Amino acid sequence: ATLIYFKIMKLSKGKWTMYTMASQTISSGNPLTLTSILTNNGLVIGGTFITVPMTGTYIVSYTANRATNAAGTDSIMLAIDGTLARNTSLPLSDVSTTCGHFVMNLSEGNAISVVPVVLNATKIEGNGGPAVTLTIIRIS
């Protein structure tokens with residue numbers, strides 16, 4: 001018989017999460033509001049963004065609940081220092097939650113936000129779960 005041993009390592013070197021439970025009206029290009037802090041581990045957090053505490057590699061995750069009237073090219077994505085990260089764009093839906101997880105190299109001081117790009121959608125719903133969440137986890 002062969003024995004296999006696994007070394008258990010702590011993957012996360014810091015985790016920060018913000019969210020909002022309330023529905024919110026959305027407009028294209030404006031960051032979504034994140035009113036509650038789940039974990040901040042001493043991080044200074046703004047109302048629409050999380051500031052990266054140190055340069056490194058991060059898993060950045062976001063969710064958006066159902067979007068009223070979402071159709072066509074309506075989407076949601078991350079922005080770094082106000083610049084849309086188009087490679088993180090996902091379609092918004094009026095029937096289900098949208099979520100994405102991305103490995104990103106970020107620099108100290110980068111401000112990460114969640115931004116809709118919409119023509120039809122008018123509101124992110126806050127019933128059945130948080131309207132919006134944003135989490136960053138430093139992995140190296």
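**Exercise 1. Classify Glu-125 by its accessibility, buried or exposed, and identify its salt-bridge partner.**

Step 1. Glu-125 has a relative accessible area of 17%. Buried means under 20%, so Glu-125 is buried. The model is a predicted one.

Step 2. The side chain of Glu-125 forms a salt bridge with that of Arg-66, at 3.2 Å from N to O. The structure holds 1 salt bridge.

Step 3. Arg-66 has a relative accessibility of 22%, so this residue counts as partly exposed.

**Exercise 2. Find the aromatic pair in the structure and work out how its rings are arranged.**

Step 1. Searching the whole structure gives 1 aromatic pair. Its members are Tyr-62 and Phe-102, with ring centres 6.1 Å apart and planes at 15 degrees.

Step 2. Planes under 30 degrees apart count as stacked, so the pair of Tyr-62 and Phe-102 is stacked.

Step 3. Tyr-62 belongs to strand β5 (residues 56–64) and Phe-102 to strand β9 (residues 98–106), so the pair ties together parts that are 40 residues apart in sequence. Tyr-62 and Phe-102 are both buried.

**Exercise 3. Describe the surroundings of Asp-74.**

Step 1. Asp-74 is located in the loop between β6 (67–68) and β7 (75–80). Its relative accessibility is 1%, so Asp-74 counts as buried.

Step 2. Leaving aside residues up to four places away in sequence, the residues that Asp-74 touches include Asn-69, Leu-90, Pro-91 and Leu-92, as well as Val-117, Val-118 and Leu-119.

Step 3. For Leu-92, which is 18 residues from Asp-74 along the chain, the C-alpha atoms of the two residues are separated by 5.7 Å.

Step 4. For Leu-119, the backbone nitrogen lies 2.7 Å from a polar atom of the Asp-74 side chain.

Methods: Residues are numbered from 1 along each chain as its sequence is written. This is a predicted model: local features need pLDDT of at least 70, side-chain atom pairs count only at pLDDT 80 or more; totals for chains, interfaces and linings use all residues. Side-chain values use heavy atoms; hydrogens and water are left out. Rings of Phe, Tyr and Trp (its six-membered ring) pair if their centres lie within 6.5 Å; planes under 30 degrees apart count as stacked, over 60 as edge-to-face and the rest as tilted. Helices (H or I, at least four residues) and strands (E, at least two) are DSSP runs, numbered from the N terminus. Buried means under 20% relative accessible area, exposed over 50%, partly exposed in between (1.4 Å probe, protein chains only). Contact means heavy atoms within 4.5 Å. A polar contact is a pair of N or O atoms within 3.5 Å; within protein, one must be able to donate a hydrogen and the other to accept it, and residues adjacent in sequence count only if both atoms are side-chain atoms. A salt bridge is a side-chain nitrogen of Lys or Arg within 4 Å of a carboxyl oxygen of Asp or Glu.
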